[in-house]
Amino acid sequence: MDITESQSNGVTVLALTDRLDGLTSGALERKIDALLAAGTRKLVFDCSGLIYASSAGLRVFLSTAKKFKSAGGQAAFAALTPAVHEVFDLSGFIGILEVQPGVADAVSKIS
């Protein structure tokens, strides 16, 4: 998995590509923890390049949302691919996480 970081209107955007699974979820979790430690409080995951998310990846997404909320911030998820959208839907994450159709939508929602 590749993680590309950018900024948009004071919101950190992490673009994820390829697969988020047990082998790659640790790297994402470390990146998120570093962002929180550096004071980041608004985060959008750009999932337009994410082709697969396992239960380990979903755990990272859920724990990230909880960590950001506890820190007074917010995390959102944008541009879910059909496969990832299906996993979010089946797991019930669509109803409990902030999911937007595009990155700009997610950035405007939490900025």
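A residue counts as buried when its relative accessible area is under 20%. Keep that cut-off in mind for the first stop. The model on screen is predicted.

**Stop 1: Asp21.** Select Asp21, in the loop between β2 (11-20) and α1. Buried or exposed? Its relative accessible area is 13%, so Asp21 is buried. Now show its surroundings. Leaving aside residues up to four places away in sequence, Asp21 touches Tyr52, Ser54 and Ala56.

**Stop 2: the sheet.** Colour the strands. There are 5 in an open sheet, ordered β1-β2-β3-β4-β5, and the pairing is mixed. Look at the edges: β1 (2-8) and β5 (98-100) each have a single partner strand, so one side of each lacks a neighbour in the sheet. From one strand to the next, the twist averages 25°.

Zoom in on β2 and β3 (residues 42-53). These two strands run parallel and are joined by 8 bridges.

**Stop 3: the α1 and α2 pair.** Select residues 25-37 for α1 and 55-70 for α2. Their axes lie 9 Å apart, at an angle of about 10°. The two helices are therefore roughly parallel. Show side chains at the contact. From α1 come Ser25, Leu28, Glu29, Ile32, Asp33 and Leu36. On the α2 side, they meet residues including Arg59, Val60, Phe61, Thr64 and Phe68. By class, this contact holds 7 nonpolar, 4 polar and 4 charged residues.

**Stop 4: the cores.** Which residues touch the most other members of the largest nonpolar core? Select Leu14, Leu28, Ile32, Phe45, Leu50, Phe61 and Phe88, out of 24 residues in that core. At least two core residues come from each of β2, α1, β3, α2, β4 and α3.

Centre on Phe88. Not counting residues up to four places away in sequence, Phe88 touches Leu58, Phe61, Phe77, Leu80, Phe93, Ile94, Leu97 and Val99.

Methods:
Residues are numbered from 1 along each chain as its sequence is written. This is a predicted model: local features need pLDDT of at least 70, side-chain atom pairs count only at pLDDT 80 or more; totals for chains, interfaces and linings use all residues. Side-chain values use heavy atoms; hydrogens and water are left out. Axes are lines fitted to C-alpha atoms, for helices over the stretch in contact, and angles run from 0 to 180 degrees between N-to-C directions. Helices (H or I, at least four residues) and strands (E, at least two) are DSSP runs, numbered from the N terminus. Angles under 35 degrees count as roughly parallel, over 145 as roughly antiparallel, 65 to 115 as roughly perpendicular and the rest as oblique. Contact means heavy atoms within 4.5 Å. Ala, Val, Leu, Ile, Met, Phe, Trp, Tyr, Cys and Pro count as nonpolar, Asp, Glu, Lys and Arg as charged, and the others, Gly among them, as polar. Buried means under 20% relative accessible area, exposed over 50%, partly exposed in between (1.4 Å probe, protein chains only). Two strands pair if DSSP finds at least two bridges between them. A nonpolar core is a set of buried Ala, Val, Leu, Ile, Met, Phe, Trp, Tyr and Cys residues joined through side-chain atoms within 4.5 Å.
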